[in-house]
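Welcome! Keep the picture open as you read.

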Amino acid sequence: ATTPLDPRVLDAMLPYCTGLFGNPHSRSHAYGWETETAVEKARAQVAQLIGADPKEIVFTSGATESNNIAIKGVARFYKSRKRHLITSQTEHKCVLDSCRALESEGFEVTYLPVKPSGLLDLASLESAIRPDTALVSVMTVNNEIGVRQPVEKIGALCRSRGVFFHTDAAQAVGKMPIDVNAACIDLMSISGHKLYGPKGVGAIYVRRRPRVRLEPLQSGGGQERGMRSGTVPSFLAVGLGAACQLAGQEMAFDAERVDRLSQRLIDRIVSQLSHVVVNGDRDSCYPGCVNLSFACVEGESLLMALKDVALSSGSACTSASLEPSYVLRAIGADEDLAHSSIRFGIGRFTTEAEVDYTVDLCVRQVRRLRELSPLWEMVQEGVDLKSIQWTQH
Amino acid sequence: LPRLLLPAAAPSGCFCNSNWALVRKPVAAATAAAYSSSSTAPADAPAGPPVSVTVIDKSGKEHQVSGQSGENLLRLLQRYELPVEGACEASLACCTCHVYVDAPDSADLSSVTEAEEDMLDMAPFLRENSRLSCQIVLAAGLDGMRVTLPQATRNFYVDGHVPKPH
């Protein structure tokens, strides 16, 4: 859902909230020059983390805006020749909604299904690409089940077919090495508050060689290479830059630590409870995002029972909806299991004690709820729940 | 010869640091007068076979212009007093001379450099066949070329005012 600000990021941001308040686009005085220097330094820090050139980074209000710009912007620019887009069924809502908006403008969108592991089938992508395909958009790491898509292979395929490749890397940037050139990525969305930076800022990487053009969503004074008009919020940009720089520094250490804590969480739960499903491929994933389904336990009841731990069923942006997660449905999870799935997030500041507390609480509550569950009783007796004919009252 | 202060590269750099450069503008006295109103070729324009170009302005009206091989397209359009801006005077530091060309992949058209792409990025109403007219040099093979003017430039004179060539 989000991450706290790393205190070092806050340190970097504060001066730009107080004394260094100038508009970075003001060309004619020192207030402008000093903040412009800071924004350009932040731009370089973001670029360095992903192997890009600073000129290829455009600051936005977050990954949602970046996704909108990438998808709608590219589609509309090339609309005279290209009318088709491809994405996956497990993308973030802002990607899917942007695609739906384009469908109402007359574009065709192919929503590729995923394998039960959550990974995209490259053969299905290859057969979906048409001569009039403008863009393929596949996220690097899924926000609900943590699965990491084979973006290098997807990028190579798209490059060989002359189709632009966009990836929503909000959950991946800063947590694993990403190189936009090695992976043939043409556009990439970055979110500040997913890597211990501030909320309200993100970036979009737009390749310059070969040049990707897009129609801007926001009209105005032409800031950010004409792609995103509006004053760049210098203190937020500085925060994003500092967060990226720290992420590059801390990546190896964080990755090992998060992996260890993630294994600890899963092993301890699975060793104490039966009928637990780990959703999503565990080899190609970000270990800090763990999604477990507990059979015969009602999901909302479990979440309420685990109130003193910040967990979710489905992602934050779907937590208010009543239907089970579309991501879990796409990986073929049973509807009952989809209802009783919980997402555990582990990060830079998660402690081992917090993991142990969560495991104990979760095991206790699942056992309690299963005691109360007539379905659980039937499963214990060996009844196949699928064979039951439920009557309507 | 007049010496002019021009920004070396418009988008980056501040007013007072060393991004400003002194640029000597190679203008012969005769040509300065020629640029202001005549539609005959200036005295120092390169001689070559005539190249005719059709220019469609933003109201859809077509204009026929004729230049010479080797001549700069922007200067040709301005000679005919067509409403094309050229704020940086063809020094690849702005995007106000933005035009759409009908055959962007023509072999006779000079290919786009990265610097031109960078300037084009900032032009409003960009399309796949956008070019900066100051970077197009007429060639015999471009005879019959059709060029369309975009509905606006980066300058916000929404009353329709078009700055005269400097």
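A residue is called buried when its relative accessible area is under 20%, exposed when it is over 50%, and partly exposed in between. With that in hand, remember that this is a predicted model. In helix 4 of chain A, the residues C94(A), V95(A), L96(A), S98(A), C99(A) and L102(A) are buried.

**Around helix 4 of chain A**

- The cover over the buried residues of helix 4 of chain A includes helix 3, strand 2 (84-88), strand 3 (108-112), strand 4 (133-137), strand 5 (164-168) and helix 9 (326-330) of chain A.
- Helix 3 (residues 63-77) of chain A packs against helix 4 (residues 93-103) of chain A at an angle of about 30°, and their axes are 9 Å apart.
- That angle makes helix 3 of chain A roughly parallel to helix 4 of chain A, because angles under 35 degrees count as roughly parallel.
- By class, the contact of helix 3 of chain A with helix 4 of chain A has seven nonpolar, four polar and two charged residues.
- The crossing of helix 3 of chain A and helix 4 of chain A is right-handed.

**Helix 2 and helix 7 of chain A**

- Helix 2 (residues 30-50) of chain A and helix 7 (residues 234-272) of chain A pack with their axes 8 Å apart, at an angle of about 35°.
- The crossing of helix 2 of chain A and helix 7 of chain A is left-handed.
- Sorted by class, the contact of helix 2 of chain A with helix 7 of chain A has twelve nonpolar, six polar and no charged residues.

**Cysteines**

- A disulfide is a covalent bond between the sulfur atoms of two cysteines.
- Over all chains, the count of disulfides comes to zero.
- C158(A) is in no disulfide, and the nearest cysteine sulfur, that of C184(A), is 9.0 Å away.
- C158(A) counts as buried, at 0% relative accessibility, and C94(A) is buried too, with a relative accessible area of 10%.

- The peptide bond from R209(A) to P210(A) is cis, with omega near -5°, and P210(A) lies in the loop between strand 7 (202-206) and helix 7 of chain A.
- E81(B), a residue other than glycine, has a positive phi near 60°; E81(B) is exposed, with a relative accessible area of 54%.
- F125(B) also has a positive phi, of about 60°, although it is not a glycine; F125(B) counts as partly exposed at 40% relative accessibility.

How values were computed: Residues numbered from 1 in each chain as written. Chains lettered and ligands numbered in written order. Predicted model: local features only at pLDDT ≥ 70, side-chain atom pairs only at ≥ 80, totals over all residues. Heavy atoms only, no water. Axes fitted to C-alpha atoms, helices over the stretch in contact; angles between N-to-C directions. Helix = DSSP H or I, 4+ residues; strand = E, 2+ residues; numbered from the N terminus. Parallel < 35°, antiparallel > 145°, perpendicular 65-115°, else oblique. Left-handed = near helix turned anticlockwise from the far one by under 90°. Nonpolar A, V, L, I, M, F, W, Y, C, P; charged D, E, K, R; others polar. Disulfide = S-S within 2.5 Å. Buried < 20%, exposed > 50% of the residue type's maximum accessible area, 1.4 Å probe, protein only. Contact = heavy atoms within 4.5 Å.
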